[in-house]
Amino acid sequence: MANLNIKPLGYALGAEVSGFDARKPVPPALREELLHAWYQYQVLVFPAQPLSMTEQIAFSRNFGDVDRNDMAPRYRDPDHHEIVYITNKTLGPNMMSAKRVGRKWHADATFALRPQKGALLRCVEKPPVGGDTMWANMYLAYETLSPAMRAFLDPLECVHDVSLLPGAQESNGNSAEHIAEFRRINPPVIHPLIPVIPETGRKTLFLGWVREILGLSLEESAAIIAFLDQHAGSPEFVFRHRWSVDDIVLWDNRCTRHIALPDYDHSKTRHMLRTTLLGEQPGRLAEGRGSLGNRETLLEAVQAVS
Ligand SMILES: [Fe+2]
C-alpha cells in the first residue's frame with residue numbers, strides 16, 4: 001500500500017501507522033499489511049481517526065471477531081454491545097463504574113473462558129496533561145528469563161478469577177448485586193501460563209487476573225506470581241503512549257500487558273471507547289475452585305502480589 005506509513009515508537013514494542021482513513025473499507029492488501037505490522041509491533045497507534053461507534057466496530061472487524069462483551073454487560077454501551085466504556089464519567093444506575101479501571105498492570109478479561117485476542121481503544125476526550133497508557137512486551141518478559149525458569153514455567157497452568165478485578169470488589173463502589181452478577185457470569189477459569197501465539201510461533205507470559213498456579217501451594221503460587229509480576233513490569237519492556245483525541249490504539253492482549261496511569265486531574269474527563277477481539281484458544285472452567293468471594297484473608301494475600 002503506497003501511502004501507508006509505519007513508524008516504530010518504542011524499542012520493546014509499539015508503532016504508529018498513518019496514511020489511510022479508517023472510516024473507509026480496508027482493502028485486502030492493506031488489511032494484510034496492518035495485520036503483519038500488528039503481529040510485529042504488538043501495539044499500533046492510529047492517529048487522527050475520528051470514528052463513530054459504528055465505524056470503530058467495522059474497523060475492528062479487520063483484526064478479528066468483535067466481542068459483544070457478554071462477560072461484562074454493565075460496562076458496555078446499551079445500544080452498541082461491542083463498545084465498552086473506559087471512562088471516569090458517571091454512568092447510569094444499571095452500569096458498573098469504570099472510574100478506576102486499569103490502574104494495575106494487567107491483560108484484559110483473562111477471567112473469560114475465551115480470552116481476548118486484542119482490543120482497540122479510541123480517545124474521545126482527555127485531560128490537558130497525563131492519563132497516559134503503558135504497554136509491556138510479554139514475549140520479552142518470557143524470553144529474558146533464565147532457561148531453568150522457562151523450563152519450570154512452560155507446562156504450568158493458572159486459575160484466573162474475576163474476583164481479583166477491582167471493579168468486582170465491594171470497596172470499588174459498585175453495588176453488591178452487580179458484583180454478584182459479574183462473578184456469577186465469570187466463574188474461575190484455567191489458562192496456560194506460557195501459551196504459544198499462533199501467528200508468531202513465540203511463547204509469551206500470560207499474566208492477567210491470576211489467583212493461583214495449579215500444582216503449587218498458595219504460598220508458592222503467590223511468590224512465583226509476585227516475581228513474574230515484578231519482572232514483567234521492568235521498564236525495558238515498556239512503551240508509553242501520550243494520548244491525543246481521536247487516537248486509536250490497537251494492542252495484542254495475548255502477548256502484552258497494559259496499565260492506565262491515574263496521573264491526571266480527576267475533575268477532568270478521560271473518556272475512551274474500547275472494542276475487543278475474541279481469541280481463538282478457549283480455556284476451561286476451574287471446576288471445584290469457586291470464586292474467592294468474601295474469603296478476604298486469601299484475597300488479600302493474592303492481591304498483595306498480583
Ligand atoms: Fe485494560
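Tutor: Residues are numbered from 1 along each chain as its sequence is written, and side-chain values use heavy atoms, with hydrogens and water left out. As the model is predicted, local features need pLDDT of at least 70 and side-chain atom pairs count only at pLDDT 80 or more, while totals for chains, interfaces and linings use all residues.

Student: What makes N186 buried or exposed?

Tutor: Buried means under 20% relative accessible area, exposed over 50%, and partly exposed in between (1.4 Å probe, protein chains only). N186 has 3%, so it is buried. Across the chain, 53% of the 306 residues count as buried.

Student: Where is N186 in the chain?

Tutor: In the loop between helix 5 (176-185) and strand 8 (189-192). Helices (H or I, at least four residues) and strands (E, at least two) are DSSP runs, numbered from the N terminus.

Student: Which residues is N186 in contact with, leaving aside its neighbours within four places in sequence?

Tutor: M71, F111 and V162; contact means heavy atoms within 4.5 Å.

Student: How do you know how the chain's radius of gyration sits against a compact globule?

Tutor: The radius is taken over C-alpha atoms, and the globule rule is 2.2 Å times the number of residues to the power 0.38. For 306 residues a compact globule would come out near 19 Å, and the chain has 19 Å, so the two agree. The C-alpha trace spans about 55 × 50 × 35 Å along its principal axes.
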